[in-house]
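I opened the model and went through it place by place. My notes follow.

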Amino acid sequence: MMNNGDSNLLSRVIFRTVQPTDVSRCYQIESASYPEDEAASKSTLQYRQHHAAPFFRCAFLVGDDNGNTSGRTSASSIISYQGRSSFNPSMTLCGNIIGFVCSTRCKSLTADAMKAHDATGKILAIHSVVVDERYRNLGVASAMLQDYVSSMERLNTRGGLKVKMEKVVLLAKKNLLAFYVRNGFMAMGVSPVVHGKEQWFELERNFAPAEDSDVKTYQCYIVDSFADVENQGTGNPAGVVVLNNPPGLTFSNNGDTDIDGSLDEIEDTENVESKVLDRGVKWMSLVAKEFNQSETAFIWPLPRIQTVLNGGAYPQQNNTESPAYAIRYYTRSGTEVDLCGHATLAAAFCVFRPKKIDPKQTVSFFAKNDELHAELLVSSANSLPADPTSVSDKASRISMSFPWKHLTPLPADKHNGVLRMMSQAFFCATVFLFGRDQSLAYFTQHVVHIGITDGNEDLLIELTEEAFDSLHGVKVDYGELSTSEVYSRGVIICCCASLQPSSIDFRSRFFGPKVGIDEDPVTGSSFCSLGPYFGNKLGKSVVIGRQESERGGLVECILKQEEGRVSIIGTAVMTVSGQLSIRM
């Protein structure tokens, strides 16, 4: 059984293909681990790395503290961590190689056939599974072998190999048979191959037939974010697709990854990154169109390892157990957007849902330009109405930290233009109630405040509650709302909630015709300005708002003015879960 020390060691081990500059270190391990008549020569390892690079992988210990810290690896290599691949061209990891697995392809398991690499061979013959003596009996060999087999299966099914491999084979001494059987190999009997002085046994493991694994499935969900759990069909629905690896990793025809070679071969990491992501971008766009939700989030895990960043979006992780995920957002039209609050809440729910975890668990998401944090909350006396169990399989209450958005009063000389816009956009309502001539006067009388958020992003218009209610259920001219040059993203109309239950402090609606959203069901980011505005107006540090679209939803805001942050809290409710089988 693995102890805590072993687990901590493995948490710092990543796996990648061996590069030309790694061969000397691999030879050190090889020559120190095998008898002279069994160990491969340095020239043999160089041959295997040059001719069979995709089949030569190593275990790399990040931050090796055993006197060998001269090794470095770059994320211009695809690395895998605990069975998951990741890539970041600006990430450099310091450490050392502590083990490797080396193979070549052949057509038969004979001594002569195994001397050379035959790219058309259907047998993958492992020559070495070796770990530095200092790291043996710590679970490294099993983890390394499992990663190796997974990588070879992925290469065989999605790697563009001209000739697929049928099985992976190896020769082992009697004392290691149990180890390989535990790791999925089948003992076939004594081998006729003579290598050194001792007897060898053959073991093999079949690859899955290509026709059984052509289409990979991905876990997917639809989640209602900021839902009112007292009423079904509320909140803002978002699609979520959970991936094991970055989408769109491609392979060349010889089986090697397009971005996985020696450091000397890669000079322009930005071009490399775009090459890797191109297929993934197209795939995510296609899937988002299929989901047909306002936004669909795609997430994949990032390794919890110490890194040195050079401007990349990947995290420098600490030793906590908080998971980190990359996240990307696509609209129903297949267009990528930089950030989406309700889709982030939905993604956090999907991360928390399958885990048996304690409340207060957190997760970090790394979007294109932002680092976002979400926290699973316990129930409290001040929580949203009818708060579900925090760790429910179907609904969870989650907090997200967002920047505080300041609201600046709109200059008086621009008020008339805003009032005319409102009069025209909601003309059907006001002319029916008060006649054409009184429409503008009505809004002038019932507007309490007009403000603009940072960067002229959103226009906030506070109305009296009477006026707010009068606009419900009427047709809106969204074209008129988009004519104003005062704002760039959306129009928020809101009011104090004197007529609502005591738990609700304010009510709002959000219109975004300029960004392709007529009326948003629930807009988490709008509460970054609504929360501070009504918190200041009501003298509260915690306020709860109801967005009153056709679906509607509840959002709690905890105001942290000194930190310049707003905790946006909402309930996520899963409505659909299943398997996505669109080929990448």
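Predicted model: local features only at pLDDT ≥ 70, side-chain atom pairs only at ≥ 80, totals over all residues.

**D22.** D22 sits in the loop between β1 (13-17) and α2 (23-33). Is D22 buried or exposed? With a relative accessible area of 7%, D22 is buried, because the cut-off for buried is under 20%. I then checked the side chain. The side chains of D22 and R16 make a polar contact of 2.7 Å. Next I listed the contacts of D22, setting aside neighbours within four places in sequence. R16, T17 and I97 came up.

**Helix α3.** I went on to α3, residues 42-51. Which residues of α3 are buried? They are L45, R48 and Q49. I looked down the axis of α3 and found these buried residues within an arc of 100 degrees, so they line one face of the helix.

**H406.** I found H406 in the loop between β19 (395-403) and β20 (407-409). H406 is partly exposed, since its relative accessible area is 48% and the cut-offs are 20% and 50%. What does H406 touch, not counting residues up to four places away in sequence? I noted I452, T453 and D454. I also took a C-alpha distance from H406 to G455. The two residues are 49 residues apart along the chain, and their C-alpha atoms are separated by 9.6 Å.

**E465 and R507.** E465 belongs to helix α11, residues 465-470. I read a relative accessible area of 9% for E465, so E465 counts as buried under the 20% cut-off. Which side chain does the side chain of E465 meet in a polar contact? It is the side chain of R507, at 2.7 Å. I followed R507 onward. R507 stands opposite R546 in β25.

**Strands β24, β25 and β26.** I traced the pairing from there. β24 (residues 506-511) and β25 (residues 542-547) run parallel, joined by three bridges. How do β25 and β26 pair, parallel or antiparallel? β25 pairs with β26 (residues 553-560) in the antiparallel sense, over six bridges. I came back to R546 here. On the β26 side, R546 stands opposite L554; on the other strand, its opposite number is R507.

**The hairpin.** Last, I looked at the turn between β25 and β26. Five residues lie between the strands of this hairpin. Which residue takes a positive phi there? I marked G552, with phi near 80 degrees.

Key: Residues numbered from 1 in each chain as written. Heavy atoms only, no water. Pairing = 2+ DSSP bridges. Helix = DSSP H or I, 4+ residues; strand = E, 2+ residues; numbered from the N terminus. Buried < 20%, exposed > 50% of the residue type's maximum accessible area, 1.4 Å probe, protein only. Polar contact = N/O pair within 3.5 Å; in protein donor to acceptor, adjacent residues only side chain to side chain. Contact = heavy atoms within 4.5 Å. Arc of directions from axis to C-beta.
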